[in-house]
Structure formats: C-alpha cells, structure tokens
Amino acid sequence: MTSRHDSAPLLVIDDLHVEFDTGGSTVEAVSGVDLEIRAGETVAVVGESGSGKSVTAMAVLQLLGNGRISGGSVTWDGTDITHASNKKLRSIRGNDIAVVFQDPMTSLDPLYSIGNQLSEALRLHQRMSRKQARERAIELLGMVGIPDPAHKVDAYPHQLSGGQRQRVMIAGALACTPRLMIADEPTTALDVTVEAQVLNLMRDLQRETGVALMLITHDMGVVGEMADRVVVFYAGYVVESGLADDVLNHPQHPYTQALLTAIPRRDTPRDEPMPAIPGTVPGLHEMPAGCRFITRCPYAAERCSEPQEIVRLEVAGKQRDVRCWRADPAHRTSATIESELEVL
Ligand SMILES: Nc1ncnc2c1ncn2[C@@H]1O[C@H](COP(=O)(O)OP(=O)(O)OP(=O)(O)O)[C@@H](O)[C@H]1O
Ligand SMILES: [Mg+2]
C-alpha cells in the first residue's frame with residue numbers, strides 16, 4: 001500500500017467547479033472539489049444525497065448534459081483533460097477509465113444479447129475480430145462469476161438477475177482493461193448478499209488487474225471494507241479526506257462524525273428506520289457563505305460564517321484534510337474536537 005501512495009496520482013481533480021443551467025438561472029452543484037486517485041488505489045466517495053458525488057464523477061469525462069466545468073481542472077495521467085475534445089474523452093473512456101452506473105437496466109440495451117454488447121465494445125476499442133470478441137466476452141463473463149458463460153453470453157439483459165446484470169456491467173467495464181473504474185453506487189439496487197458478492201468480485205478483480213477504483217457509496221461499512229482512502233462530500237464540496245480506517249475511527253469534521261452515526265451499515269437490517277442527521281442539506285440556491293454545515297452543526301460559532309478553507313493536519317501520523325477552522329491546531333487540538341464530539 002505504501003508504494004501506491006508514493007506513486008504519482010493517475011487522476012487529479014483540483015478545485016473543481018461545476019455549473020448547471022436550470023430554467024433561466026445557473027446553479028453551482030460542485031464548488032471546489034479536490035480529489036486524487038493513485039494506481040491500484042480504492043478511494044471511496046461518501047456524503048448525503050445531493051452532495052455532488054455523481055456530478056464530480058461525471059465531470060471527469062464531461063458527462064454533464066446541461067452542465068459544464070466552470071472552474072478548476074481534471075488531470076489524467078499527467079495530461080489536463082478539463083476541456084478535452086469529445087474524441088479524446090471517448091478514447092480515454094474506451095481505454096483508460098470505465099464507468100459503472102447504479103442501475104444496469106439503464107446502461108444495458110434490452111434489444112441485444114449481453115454477448116453482443118460486450119463484443120461490440122471489444123471490437124470497437126480493441127480491434128478484435130468477431131470470433132475473438134465473442135471468446136473474450138465469454139472469458140470476461142466467467143471472470144465476473146456468471147455461471148455457464150458459454151451459454152449465458154447469448155442471454156438478453158431481462159433474462160438475468162439484478163446481480164448478474166451488475167456483473168455484466170463490470171465485465172463491460174473491464175473489457176477495455178481500464179486503469180481506473182468509476183463506480184457510482186454499483187450495488188445499491190442489490191440485496192445484501194448479492195451486494196457482498198459483487199463487492200468481493202470488484203476487490204478480486206482489482207487484485208488481479210491492478211485497476212484503481214473510485215467508489216461512490218452511501219454505506220460506511222463498504223468504505224471500511226473496500227477503501228484505502230475516503231473523501232467526504234457535503235453540499236458540493238469536500239469536508240474531510242484521509243485514510244479510510246483513520247477517518248472512520250477518528251473523524252475530525254463534525255459532519256463526518258454525524259454521518260458515521262447516521263449512515264446505515266451493511267450489517268444493520270434494512271427494514272430498521274434509518275437514523276438521520278437533524279436538519280437538511282441547504283439547496284443550491286441557499287448555500288451559506290461560510291461553512292455549509294453551519295445550519296446543522298452543534299458547534300456552530302460566529303467564525304463559521306466565514307468561508308472555510310481546508311486545514312491540512314496530521315492525525316495519528318497520517319495526513320488529514322478537514323474543512324473546519326476548529327481542526328486547525330493553532331485554534332484547538334484535534335483531541336479537543338474529538339472529545340467534544342464524543343459527548344454528542
Ligand atoms: N442536470 C442537472 N441539472 C441541474 N442540477 C443538477 C443536475 N444534475 C445534478 N444536479 C444537482 O447537483 C447536485 C448534486 O447532485 P449529485 O447527483 O452529484 O448528488 P449525489 O451526491 O450523487 O447524490 P445521490 O447520493 O442522491 O446520488 C444536486 O443538488 C442536484 O440536484
Ligand atoms: Mg449520485
């Protein structure tokens with residue numbers, strides 16, 4: 001793991017801003033996100049609904065519809081791709097970065113067999129013959145644990161279970177032997193057992209192929225099991241990031257602490273009511289000028305009305321970024337914050 005963290009990052013998102021035009025006005029959905037992913041690393045992205053996780057992920061390949069990158073930059077393997085041409089982005093998507101979405105039914109074409117769809121991608125990006133592509137498609141289906149792949153290759157999406165469809169999506173993502181897989185809540189639609197199987201599969205494939213993973217999830221249990229590092233989003237920016245285990249065990253930002261108390265873990269039954277953080281995320285039209293968590297933070301003070309910069313500190317000898325003035329050792333020690341939070 002150490003060598004991974006020492007290597008140059010594959011993906012660097014630097015001070016990213018994304019705007020959308022909505023019925024005559026413009027809203028900023030992402031307001032200054034920093035995020036790095038190194039080769040082979042798993043970075044989890046967490047945060048409540050609407051915090052800008054998907055928009056950030058989609059901005060990497062400019063899959064933004066009526067939106068646009070309005071500030072900051074995206075660098076892939078040393079090259080600035082913030083405003084790259086569609087042709088360049090298509091080539092990166094075909095060869096280097098694969099995207100797996102939450103609901104495979106919206107990504108798989110119901111009219112074509114899964115083998116056909118996988119082969120199509122292989123023929124397009126890897127210039128294989130029809131026969132080679134079919135053989136490779138069967139091989140990929142086997143790799144992702146589809147039973148009897150030589151027959152299942154001719155199945156249509158509706159003939160597969162939800163878990164199998166998600167595996168096909170992952171097979172499709174691996175078809176181009178990517179260096180980075182962006183997975184946006186890839187297991188949310190699945191039941192707990194199948195979710196565990198798909199996550200295990202992703203981990204095994206990562207070990208075999210060395211692909212880096214940007215994993216968007218609501219589930220802190222998944223973060224603990226899968227991620228090297230975690231980036232916590234709140235209302236369009238990053239409030240905390242660091243090594244996953246350290247952040248889970250010693251959260252520094254009041255929002256991370258609240259999230260860890262509120263978010264369901266995979267080992268809690270899903271029919272139990274979900275504990276929630278009191279209050280709601282501010283809407284895009286009503287963002288506070290200072291700390292965006294101010295309206296829900298138990299420690300809100302006058303100073304929190306000023307814009308909050310990222311404070312870089314060391315927690316247990318490891319780098320931690322926290323967007324809260326209280327985390328600054330010049331103001332108070334992190335131990336103080338933690339003990340205060342424990343009182344909560
Ligand atoms: N096409 C769009 N037009 C206008 N606003 C958008 C568009 N896409 C996203 N947004 C807004 O950007 C914000 C961030 O959305 P995003 O989809 O990134 O949230 P998220 O963190 O992925 O949430 P979830 O956990 O629910 O998937 C939201 O307020 C959303 O309404
Ligand atoms: Mg999302």
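**Close-up views of a predicted model**

View 1. Strands of a sheet pair through backbone hydrogen bonds, in either a parallel or an antiparallel manner.

**View 2. The pairing of β4 with β5.** Strand β4, which covers residues 67-76, runs antiparallel to β5 and is joined to it by two bridges. Within this part of the sheet, Thr-75 is placed opposite Asp-80 of β5.

**View 3. The packing of α5 against α6.** Helix α5 (residues 114-126) packs with helix α6 (residues 130-143) at an angle of about 115°, and their axes are 8 Å apart; the crossing of α5 past α6 is right-handed. On the α5 side the contact is made by Ile-114, Gly-115, Leu-118, Ser-119, Leu-122 and Arg-123, while α6 contributes Arg-130, Ala-133, Arg-134, Arg-136, Ala-137, Leu-140 and Leu-141. Sorted by class, the residues of this contact are seven nonpolar, two polar and four charged.

**View 4. The protein chain as a whole.** The protein chain holds 13 helices and twelve strands, and 51% of its 344 residues are buried. Of the contacts between residues at least 6 apart in sequence, 65% link residues at least 24 apart. The chain exposes about 15900 Å², of which carbon and sulfur atoms supply 50%.

Conventions. Residues numbered from 1 in each chain as written. Chains lettered and ligands numbered in written order. Predicted model: local features only at pLDDT ≥ 70, side-chain atom pairs only at ≥ 80, totals over all residues. Heavy atoms only, no water. Pairing = 2+ DSSP bridges. Helix = DSSP H or I, 4+ residues; strand = E, 2+ residues; numbered from the N terminus. Axes fitted to C-alpha atoms, helices over the stretch in contact; angles between N-to-C directions. Left-handed = near helix turned anticlockwise from the far one by under 90°. Contact = heavy atoms within 4.5 Å. Nonpolar A, V, L, I, M, F, W, Y, C, P; charged D, E, K, R; others polar. Buried < 20%, exposed > 50% of the residue type's maximum accessible area, 1.4 Å probe, protein only. Areas by Shrake-Rupley, 256 points an atom, 1.4 Å probe, with all protein chains shown as cover.
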